[in-house]
There are 2 protein chains.
Amino acid sequence: MQIAIVLFDRFTALDAVGPYETLGRLPDADTVFVAERVGPVRADTGNLALVADRTLAEVPRPDLVVVPGGPGQTAQMDNDVLLRWLRAADATSTWTTSVCTGSLLLAAAGLLRGRRATSHWLALDSLARFGAEPTSERVVTDGKYVTAAGVSSGIDMGLTLLGRIAGDEHACSVQLLTEYDPQPPYDAGSPEKAPAHLVERARAASRFILS
Amino acid sequence: MQIAIVLFDRFTALDAVGPYETLGRLPDADTVFVAERVGPVRADTGNLALVADRTLAEVPRPDLVVVPGGPGQTAQMDNDVLLRWLRAADATSTWTTSVCTGSLLLAAAGLLRGRRATSHWLALDSLARFGAEPTSERVVTDGKYVTAAGVSSGIDMGLTLLGRIAGDEHACSVQLLTEYDPQPPYDAGSPEKAPAHLVERARAASRFILS
(Lines give C-alpha, C1' and ligand atoms only; values in the text may rest on other atoms or scores of the structure.)
Protein backbone atom coordinates (compact mmCIF):
# COMPACT_ATOMS: atom_id res chain seq x y z
CA MET A 1 0.00 0.00 0.00
CA GLN A 2 1.47 3.30 -1.10
CA ILE A 3 1.04 6.07 1.50
CA ALA A 4 1.71 9.63 0.30
CA ILE A 5 2.28 12.22 3.02
CA VAL A 6 2.09 15.74 1.61
CA LEU A 7 4.54 18.43 2.72
CA PHE A 8 4.33 22.18 2.13
CA ASP A 9 6.14 25.17 3.54
CA ARG A 10 5.27 25.86 7.22
CA PHE A 11 3.41 22.60 7.84
CA THR A 12 3.26 21.36 11.45
CA ALA A 13 5.73 18.50 11.83
CA LEU A 14 3.80 16.34 14.29
CA ASP A 15 0.73 16.46 11.99
CA ALA A 16 2.78 14.50 9.45
CA VAL A 17 4.94 12.39 11.76
CA GLY A 18 2.05 10.99 13.86
CA PRO A 19 0.41 9.19 10.91
CA TYR A 20 3.82 8.31 9.46
CA GLU A 21 4.89 6.54 12.67
CA THR A 22 1.65 4.55 12.89
CA LEU A 23 0.29 4.00 9.35
CA GLY A 24 3.85 3.67 8.09
CA ARG A 25 4.06 0.46 10.13
CA LEU A 26 1.49 -1.31 7.99
CA PRO A 27 3.02 -4.62 6.95
CA ASP A 28 3.18 -3.62 3.28
CA ALA A 29 3.50 0.16 3.67
CA ASP A 30 5.43 2.06 1.05
CA THR A 31 5.43 5.51 2.63
CA VAL A 32 6.61 8.44 0.58
CA PHE A 33 6.85 12.10 1.55
CA VAL A 34 5.79 14.26 -1.40
CA ALA A 35 5.81 17.97 -2.19
CA GLU A 36 5.79 20.24 -5.20
CA ARG A 37 9.58 19.95 -5.31
CA VAL A 38 11.87 17.30 -3.84
CA GLY A 39 14.18 18.32 -1.02
CA PRO A 40 13.86 19.83 2.45
CA VAL A 41 10.54 21.41 3.40
CA ARG A 42 10.61 23.68 6.47
CA ALA A 43 8.06 23.20 9.21
CA ASP A 44 6.24 26.09 10.90
CA THR A 45 8.86 26.82 13.57
CA GLY A 46 11.57 27.26 10.93
CA ASN A 47 13.82 24.98 12.99
CA LEU A 48 13.06 21.65 11.35
CA ALA A 49 12.93 20.42 7.77
CA LEU A 50 11.56 17.10 6.58
CA VAL A 51 12.71 15.85 3.20
CA ALA A 52 10.24 15.36 0.35
CA ASP A 53 11.66 12.39 -1.55
CA ARG A 54 9.31 12.66 -4.53
CA THR A 55 7.34 15.35 -6.31
CA LEU A 56 3.56 15.28 -6.30
CA ALA A 57 3.69 14.49 -10.01
CA GLU A 58 5.86 11.42 -9.40
CA VAL A 59 3.26 9.91 -7.06
CA PRO A 60 -0.02 10.28 -8.94
CA ARG A 61 -1.98 7.35 -7.53
CA PRO A 62 -1.24 6.67 -3.85
CA ASP A 63 -3.55 4.25 -2.05
CA LEU A 64 -3.62 6.46 1.01
CA VAL A 65 -3.20 10.24 1.11
CA VAL A 66 -2.26 12.09 4.31
CA VAL A 67 -2.52 15.89 4.35
CA PRO A 68 -1.06 17.62 7.41
CA GLY A 69 -1.97 21.15 8.48
CA GLY A 70 -0.13 24.04 10.04
CA PRO A 71 0.13 27.80 9.56
CA GLY A 72 1.33 27.24 5.98
CA GLN A 73 -2.02 25.71 5.01
CA THR A 74 -3.51 29.18 4.36
CA ALA A 75 -1.06 29.88 1.55
CA GLN A 76 -1.93 26.54 -0.08
CA MET A 77 -5.67 27.17 -0.28
CA ASP A 78 -5.37 28.56 -3.78
CA ASN A 79 -2.39 26.49 -4.91
CA ASP A 80 -3.81 24.85 -8.01
CA VAL A 81 -0.91 22.42 -8.35
CA LEU A 82 -1.65 20.96 -4.93
CA LEU A 83 -5.45 21.11 -5.19
CA ARG A 84 -5.44 19.46 -8.64
CA TRP A 85 -3.12 16.74 -7.30
CA LEU A 86 -5.41 16.15 -4.32
CA ARG A 87 -8.44 15.77 -6.58
CA ALA A 88 -6.61 13.42 -8.95
CA ALA A 89 -5.07 11.33 -6.14
CA ASP A 90 -8.45 11.15 -4.40
CA ALA A 91 -10.08 9.83 -7.57
CA THR A 92 -8.21 6.53 -7.15
CA SER A 93 -7.25 6.49 -3.46
CA THR A 94 -8.60 3.93 -1.03
CA TRP A 95 -8.32 6.40 1.84
CA THR A 96 -8.01 10.17 1.84
CA THR A 97 -7.02 11.60 5.21
CA SER A 98 -5.93 14.77 6.97
CA VAL A 99 -4.67 16.03 10.29
CA CYS A 100 -5.37 19.47 11.74
CA THR A 101 -6.01 22.19 9.13
CA GLY A 102 -5.08 19.70 6.42
CA SER A 103 -8.83 19.08 6.22
CA LEU A 104 -9.29 22.65 4.94
CA LEU A 105 -7.09 21.73 1.99
CA LEU A 106 -9.18 18.63 1.29
CA ALA A 107 -12.26 20.86 1.60
CA ALA A 108 -10.81 23.52 -0.71
CA ALA A 109 -10.19 20.77 -3.26
CA GLY A 110 -13.92 20.05 -3.06
CA LEU A 111 -13.51 16.62 -1.50
CA LEU A 112 -15.49 17.06 1.71
CA ARG A 113 -18.77 18.46 0.36
CA GLY A 114 -21.64 17.05 2.40
CA ARG A 115 -19.26 15.00 4.52
CA ARG A 116 -18.67 14.97 8.26
CA ALA A 117 -15.14 16.15 8.97
CA THR A 118 -12.96 17.65 11.66
CA SER A 119 -9.97 19.98 11.95
CA HIS A 120 -7.95 21.86 14.56
CA TRP A 121 -10.50 23.20 17.06
CA LEU A 122 -9.59 26.76 16.05
CA ALA A 123 -10.36 26.02 12.39
CA LEU A 124 -13.42 23.84 12.75
CA ASP A 125 -15.94 26.48 11.72
CA SER A 126 -14.05 27.19 8.50
CA LEU A 127 -14.89 23.72 7.21
CA ALA A 128 -18.53 24.68 6.80
CA ARG A 129 -17.63 27.31 4.21
CA PHE A 130 -16.64 24.51 1.86
CA GLY A 131 -19.81 22.53 2.40
CA ALA A 132 -18.42 20.08 4.96
CA GLU A 133 -20.19 19.30 8.20
CA PRO A 134 -17.83 20.28 11.05
CA THR A 135 -17.71 17.61 13.72
CA SER A 136 -15.78 18.11 16.93
CA GLU A 137 -14.66 14.54 17.38
CA ARG A 138 -10.98 13.62 17.49
CA VAL A 139 -11.10 11.26 14.51
CA VAL A 140 -13.95 11.43 12.02
CA THR A 141 -14.53 8.76 9.39
CA ASP A 142 -17.01 9.40 6.58
CA GLY A 143 -16.67 6.81 3.87
CA LYS A 144 -13.07 6.77 2.77
CA TYR A 145 -12.40 10.22 4.27
CA VAL A 146 -10.72 10.21 7.66
CA THR A 147 -10.01 13.59 9.22
CA ALA A 148 -8.31 14.18 12.56
CA ALA A 149 -8.40 17.15 14.93
CA GLY A 150 -5.31 19.19 15.84
CA VAL A 151 -1.65 18.16 15.59
CA SER A 152 -1.25 15.20 17.99
CA SER A 153 -4.58 13.65 16.93
CA GLY A 154 -2.86 12.21 13.87
CA ILE A 155 -1.51 9.45 16.12
CA ASP A 156 -5.04 8.43 17.12
CA MET A 157 -6.13 8.70 13.49
CA GLY A 158 -3.20 6.54 12.37
CA LEU A 159 -3.96 3.80 14.86
CA THR A 160 -7.68 3.90 14.06
CA LEU A 161 -7.05 3.50 10.36
CA LEU A 162 -4.35 0.91 10.95
CA GLY A 163 -6.98 -1.18 12.74
CA ARG A 164 -9.39 -0.81 9.82
CA ILE A 165 -6.77 -1.76 7.26
CA ALA A 166 -4.61 -4.37 9.00
CA GLY A 167 -6.81 -5.49 11.89
CA ASP A 168 -6.99 -4.72 15.60
CA GLU A 169 -4.13 -7.01 16.51
CA HIS A 170 -1.65 -5.30 14.22
CA ALA A 171 -2.79 -1.87 15.42
CA CYS A 172 -2.34 -2.97 19.04
CA SER A 173 1.18 -4.20 18.24
CA VAL A 174 2.07 -0.82 16.78
CA GLN A 175 0.58 0.93 19.80
CA LEU A 176 2.69 -1.30 22.06
CA LEU A 177 5.89 -0.73 20.08
CA THR A 178 5.39 3.03 19.98
CA GLU A 179 4.48 2.80 23.70
CA TYR A 180 1.43 4.96 23.11
CA ASP A 181 0.10 4.93 26.65
CA PRO A 182 -0.46 8.68 26.97
CA GLN A 183 -0.06 10.27 30.38
CA PRO A 184 -0.21 14.02 29.78
CA PRO A 185 0.87 15.97 32.85
CA TYR A 186 -2.09 18.35 32.36
CA ASP A 187 -5.67 17.94 31.17
CA ALA A 188 -5.82 20.92 28.83
CA GLY A 189 -5.81 19.27 25.42
CA SER A 190 -9.17 20.53 24.16
CA PRO A 191 -11.13 23.79 24.43
CA GLU A 192 -13.63 22.01 26.68
CA LYS A 193 -10.92 20.98 29.13
CA ALA A 194 -8.40 23.85 29.10
CA PRO A 195 -8.83 26.90 31.36
CA ALA A 196 -11.23 29.33 29.68
CA HIS A 197 -8.77 32.23 29.59
CA LEU A 198 -6.22 30.11 27.70
CA VAL A 199 -8.89 29.12 25.18
CA GLU A 200 -9.86 32.76 24.73
CA ARG A 201 -6.22 33.83 24.35
CA ALA A 202 -5.66 31.17 21.67
CA ARG A 203 -8.80 32.27 19.84
CA ALA A 204 -7.70 35.89 19.91
CA ALA A 205 -4.22 35.04 18.60
CA SER A 206 -5.64 32.82 15.86
CA ARG A 207 -7.79 35.57 14.37
CA PHE A 208 -4.66 36.83 12.66
CA ILE A 209 -3.94 33.44 11.14
CA LEU A 210 -7.31 31.89 10.34
CA SER A 211 -9.64 34.28 8.62
CA MET B 1 17.26 28.66 25.56
CA GLN B 2 19.12 26.59 23.00
CA ILE B 3 17.63 23.12 22.51
CA ALA B 4 19.78 20.59 20.64
CA ILE B 5 17.97 17.55 19.26
CA VAL B 6 20.42 14.86 18.20
CA LEU B 7 19.91 12.87 15.00
CA PHE B 8 21.66 9.69 13.90
CA ASP B 9 21.07 7.12 11.20
CA ARG B 10 17.93 4.99 11.84
CA PHE B 11 16.57 7.05 14.73
CA THR B 12 12.81 6.88 15.36
CA ALA B 13 11.22 10.05 14.02
CA LEU B 14 8.47 10.50 16.63
CA ASP B 15 11.09 10.22 19.43
CA ALA B 16 12.57 13.46 18.14
CA VAL B 17 9.45 15.22 16.88
CA GLY B 18 7.43 14.82 20.12
CA PRO B 19 9.84 16.91 22.22
CA TYR B 20 10.47 19.26 19.28
CA GLU B 21 6.76 20.05 18.95
CA THR B 22 6.35 20.72 22.69
CA LEU B 23 9.67 22.00 24.08
CA GLY B 24 10.30 23.85 20.83
CA ARG B 25 7.33 26.05 21.77
CA LEU B 26 9.12 27.55 24.76
CA PRO B 27 8.85 31.33 24.42
CA ASP B 28 12.60 31.74 23.88
CA ALA B 29 13.38 28.38 22.28
CA ASP B 30 16.18 28.20 19.76
CA THR B 31 15.79 24.62 18.61
CA VAL B 32 18.48 23.09 16.45
CA PHE B 33 18.69 19.61 14.97
CA VAL B 34 22.29 18.37 15.17
CA ALA B 35 24.19 15.35 13.86
CA GLU B 36 27.74 14.38 13.06
CA ARG B 37 27.24 15.87 9.60
CA VAL B 38 24.73 18.43 8.38
CA GLY B 39 22.09 17.30 5.90
CA PRO B 40 19.35 14.69 5.76
CA VAL B 41 19.41 11.90 8.36
CA ARG B 42 17.22 8.87 7.58
CA ALA B 43 14.85 7.55 10.20
CA ASP B 44 14.43 3.83 10.94
CA THR B 45 11.80 3.11 8.27
CA GLY B 46 14.04 4.45 5.53
CA ASN B 47 11.09 6.48 4.23
CA LEU B 48 11.68 9.76 6.06
CA ALA B 49 14.67 12.03 6.53
CA LEU B 50 14.92 14.95 8.94
CA VAL B 51 17.54 17.57 8.22
CA ALA B 52 20.39 18.20 10.66
CA ASP B 53 21.06 21.92 10.30
CA ARG B 54 24.25 21.98 12.36
CA THR B 55 27.04 19.58 13.25
CA LEU B 56 27.51 18.44 16.83
CA ALA B 57 30.75 20.45 16.91
CA GLU B 58 28.90 23.63 15.94
CA VAL B 59 26.58 23.34 18.95
CA PRO B 60 28.90 22.65 21.87
CA ARG B 61 26.91 24.14 24.74
CA PRO B 62 23.13 23.69 24.35
CA ASP B 63 21.00 24.49 27.38
CA LEU B 64 18.83 21.46 26.74
CA VAL B 65 19.87 18.21 25.06
CA VAL B 66 17.32 15.76 23.60
CA VAL B 67 18.52 12.31 22.52
CA PRO B 68 15.99 10.18 20.63
CA GLY B 69 16.23 6.42 20.28
CA GLY B 70 15.44 3.91 17.60
CA PRO B 71 17.04 0.83 16.05
CA GLY B 72 20.05 2.93 15.05
CA GLN B 73 20.95 3.55 18.70
CA THR B 74 22.84 0.25 18.90
CA ALA B 75 25.38 1.37 16.30
CA GLN B 76 25.97 4.61 18.22
CA MET B 77 26.85 2.92 21.53
CA ASP B 78 30.55 2.99 20.69
CA ASN B 79 30.54 6.14 18.58
CA ASP B 80 33.14 8.20 20.42
CA VAL B 81 32.30 11.40 18.54
CA LEU B 82 28.73 11.29 19.80
CA LEU B 83 29.53 10.04 23.31
CA ARG B 84 32.23 12.67 23.81
CA TRP B 85 29.83 15.37 22.59
CA LEU B 86 27.13 14.14 24.98
CA ARG B 87 29.55 14.30 27.92
CA ALA B 88 30.78 17.77 26.98
CA ALA B 89 27.29 19.14 26.31
CA ASP B 90 26.05 17.65 29.56
CA ALA B 91 28.82 19.36 31.49
CA THR B 92 27.15 22.72 30.87
CA SER B 93 23.53 21.81 30.06
CA THR B 94 20.63 22.82 32.25
CA TRP B 95 18.66 19.74 31.18
CA THR B 96 19.82 16.49 29.60
CA THR B 97 16.96 14.39 28.24
CA SER B 98 16.17 11.34 26.17
CA VAL B 99 13.27 9.47 24.61
CA CYS B 100 13.09 5.70 24.10
CA THR B 101 16.48 4.01 23.74
CA GLY B 102 18.15 7.42 23.66
CA SER B 103 18.64 6.85 27.39
CA LEU B 104 21.02 3.99 26.56
CA LEU B 105 23.21 6.52 24.76
CA LEU B 106 23.18 8.83 27.78
CA ALA B 107 23.99 5.78 29.91
CA ALA B 108 26.81 4.68 27.60
CA ALA B 109 28.24 8.18 27.91
CA GLY B 110 28.35 7.57 31.66
CA LEU B 111 25.74 10.19 32.48
CA LEU B 112 23.14 8.06 34.26
CA ARG B 113 25.27 6.24 36.83
CA GLY B 114 23.30 5.90 40.05
CA ARG B 115 20.35 7.72 38.54
CA ARG B 116 16.74 6.65 38.09
CA ALA B 117 15.97 6.49 34.38
CA THR B 118 13.62 4.93 31.87
CA SER B 119 13.70 3.74 28.27
CA HIS B 120 11.56 1.82 25.78
CA TRP B 121 10.00 -1.06 27.77
CA LEU B 122 11.94 -3.56 25.66
CA ALA B 123 15.25 -1.90 26.56
CA LEU B 124 14.63 -1.06 30.20
CA ASP B 125 16.77 -3.85 31.63
CA SER B 126 19.76 -2.77 29.54
CA LEU B 127 19.99 0.49 31.50
CA ALA B 128 21.17 -1.38 34.60
CA ARG B 129 24.31 -2.53 32.79
CA PHE B 130 25.49 1.07 32.78
CA GLY B 131 24.79 1.62 36.43
CA ALA B 132 21.43 3.36 36.04
CA GLU B 133 18.37 2.37 38.02
CA PRO B 134 15.69 1.27 35.52
CA THR B 135 12.33 2.76 36.38
CA SER B 136 9.21 1.82 34.46
CA GLU B 137 7.50 5.18 34.64
CA ARG B 138 6.62 7.12 31.50
CA VAL B 139 8.67 10.18 32.37
CA VAL B 140 11.46 9.99 34.94
CA THR B 141 13.16 13.08 36.36
CA ASP B 142 16.33 12.69 38.42
CA GLY B 143 18.02 16.02 38.95
CA LYS B 144 18.55 17.57 35.55
CA TYR B 145 18.14 14.22 33.75
CA VAL B 146 14.72 13.60 32.24
CA THR B 147 14.23 10.31 30.44
CA ALA B 148 11.05 9.17 28.70
CA ALA B 149 9.78 5.71 27.83
CA GLY B 150 9.16 4.55 24.24
CA VAL B 151 8.57 6.70 21.15
CA SER B 152 5.33 8.63 21.85
CA SER B 153 6.28 9.32 25.49
CA GLY B 154 8.48 12.18 24.31
CA ILE B 155 5.30 14.26 24.03
CA ASP B 156 4.53 13.72 27.71
CA MET B 157 8.16 14.39 28.57
CA GLY B 158 8.14 17.59 26.55
CA LEU B 159 5.02 18.93 28.24
CA THR B 160 6.31 17.94 31.69
CA LEU B 161 9.58 19.76 31.17
CA LEU B 162 7.83 22.70 29.53
CA GLY B 163 5.86 23.11 32.74
CA ARG B 164 9.04 23.01 34.83
CA ILE B 165 10.78 25.58 32.64
CA ALA B 166 8.02 27.96 31.54
CA GLY B 167 5.26 27.27 34.05
CA ASP B 168 2.05 25.25 34.04
CA GLU B 169 0.08 27.87 32.15
CA HIS B 170 2.44 27.92 29.18
CA ALA B 171 2.55 24.12 29.09
CA CYS B 172 -1.26 23.99 29.12
CA SER B 173 -1.38 26.47 26.23
CA VAL B 174 0.95 24.26 24.20
CA GLN B 175 -1.13 21.20 25.06
CA LEU B 176 -4.24 23.07 23.88
CA LEU B 177 -2.63 24.26 20.64
CA THR B 178 -1.29 20.81 19.82
CA GLU B 179 -4.71 19.46 20.83
CA TYR B 180 -3.08 16.78 22.93
CA ASP B 181 -6.22 15.16 24.26
CA PRO B 182 -5.26 11.57 23.51
CA GLN B 183 -8.01 9.11 22.65
CA PRO B 184 -6.23 5.96 21.50
CA PRO B 185 -8.65 3.52 19.87
CA TYR B 186 -7.04 0.65 21.83
CA ASP B 187 -5.58 0.27 25.30
CA ALA B 188 -2.44 -1.61 24.38
CA GLY B 189 0.25 1.01 24.87
CA SER B 190 2.28 -0.73 27.57
CA PRO B 191 3.35 -4.32 28.28
CA GLU B 192 1.01 -4.32 31.29
CA LYS B 193 -1.99 -3.39 29.14
CA ALA B 194 -1.39 -5.11 25.79
CA PRO B 195 -2.50 -8.71 25.18
CA ALA B 196 0.18 -11.05 26.57
CA HIS B 197 0.83 -12.81 23.27
CA LEU B 198 1.60 -9.48 21.56
CA VAL B 199 4.02 -8.56 24.35
CA GLU B 200 5.73 -11.94 24.00
CA ARG B 201 5.90 -11.60 20.22
CA ALA B 202 7.51 -8.16 20.53
CA ARG B 203 10.02 -9.49 23.08
CA ALA B 204 10.95 -12.37 20.80
CA ALA B 205 11.43 -10.07 17.81
CA SER B 206 13.50 -7.62 19.85
CA ARG B 207 16.06 -10.23 20.87
CA PHE B 208 17.62 -9.79 17.46
CA ILE B 209 17.90 -6.03 17.91
CA LEU B 210 18.60 -5.43 21.60
CA SER B 211 21.31 -7.69 22.92
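## Helix α6 of chain B

The cover over the buried residues of α6(B) includes α7 of chain A, together with α1 (13–23) and α5 of chain B. Contact here means heavy atoms within 4.5 Å. Buried means under 20% relative accessible area, exposed means over 50%, and partly exposed is in between (1.4 Å probe, protein chains only). Helices (H or I, at least four residues) and strands (E, at least two) are DSSP runs, numbered from the N terminus.

This is a predicted model: local features need pLDDT of at least 70, side-chain atom pairs count only at pLDDT 80 or more, and totals for chains, interfaces and linings use all residues. Residues are numbered from 1 along each chain as its sequence is written, chains are lettered from A and ligands numbered from 1 in the order in which they are written, and side-chain values use heavy atoms, with hydrogens and water left out.

Which residues of α6(B) are buried? In this helix (residues 168–177), they are B:A171, B:C172, B:S173, B:V174, B:Q175 and B:L176. After α6(B) comes B:E179. The phi of B:E179 is positive, near 45°.

## Two copies, one axis

How do the copies meet? Of the interface residues of chain B, 100% are also interface residues in chain A, so the copies meet through the same surface.

## Helix α7 of chain A

A:S206 lies in helix α7 (residues 196–206) of chain A. A:S206 counts as buried, at 9% relative accessibility. The side chain of A:S206 reaches the backbone oxygen of A:R203 at 2.9 Å. That is a polar contact: a pair of N or O atoms within 3.5 Å. Within protein, one atom must be able to donate a hydrogen and the other to accept it, and residues adjacent in sequence count only if both atoms are side-chain atoms.

## Leucines in the interior

B:L161 sits in helix α5 (residues 153–166) of chain B. B:L161 is buried, with a relative accessible area of 2%. What does B:L161 touch, leaving aside its neighbours within four places in sequence? Its contacts are B:L23, B:L64, B:W95, B:T97 and B:V146. B:Q2 is 159 residues from B:L161 along the chain, and their C-alpha atoms are separated by 14 Å.

A nonpolar core is a set of buried Ala, Val, Leu, Ile, Met, Phe, Trp, Tyr and Cys residues joined through side-chain atoms within 4.5 Å. The largest such core has 143 residues, and A:L86 and B:L86 touch the most other members. Not counting residues up to four places away in sequence, A:L86 touches A:V65, A:V67, A:L105, A:L106, A:A109 and A:L111. In soluble globular proteins, nonpolar side chains tend to be buried together.

## Aromatic pairs

How many aromatic pairs are there over all chains? The count comes to 2. In chain A, the rings of A:Y20 and A:F33 have centres 5.7 Å apart and planes at 55°, so the pair is tilted. Rings of Phe, Tyr and Trp (its six-membered ring) pair if their centres lie within 6.5 Å; planes under 30 degrees apart count as stacked, over 60 as edge-to-face and the rest as tilted.

The pair links distant parts of chain A: A:Y20 is in helix α1 (residues 13–23), A:F33 is in strand β2 (residues 30–35), and they are 13 residues apart. A:Y20 and A:F33 are buried. B:Y20 and B:F33 also form a tilted pair, with 5.7 Å centre to centre and 55° between the planes. Both B:Y20 and B:F33 are buried.

A disulfide is a pair of cysteine sulfur atoms within 2.5 Å. The count over all chains is 0. For B:C100, the nearest cysteine sulfur is that of A:C172, 19 Å away. B:C100 counts as buried, at 4% relative accessibility.

B:C172 counts as buried, at 11% relative accessibility.

## A loop residue

B:V38 lies in the loop between β2 and β3 (39–42) of chain B. B:V38 is partly exposed, with a relative accessible area of 47%. Not counting residues up to four places away in sequence, B:V38 touches B:A52, B:D53, B:R54, B:T55 and B:E58.
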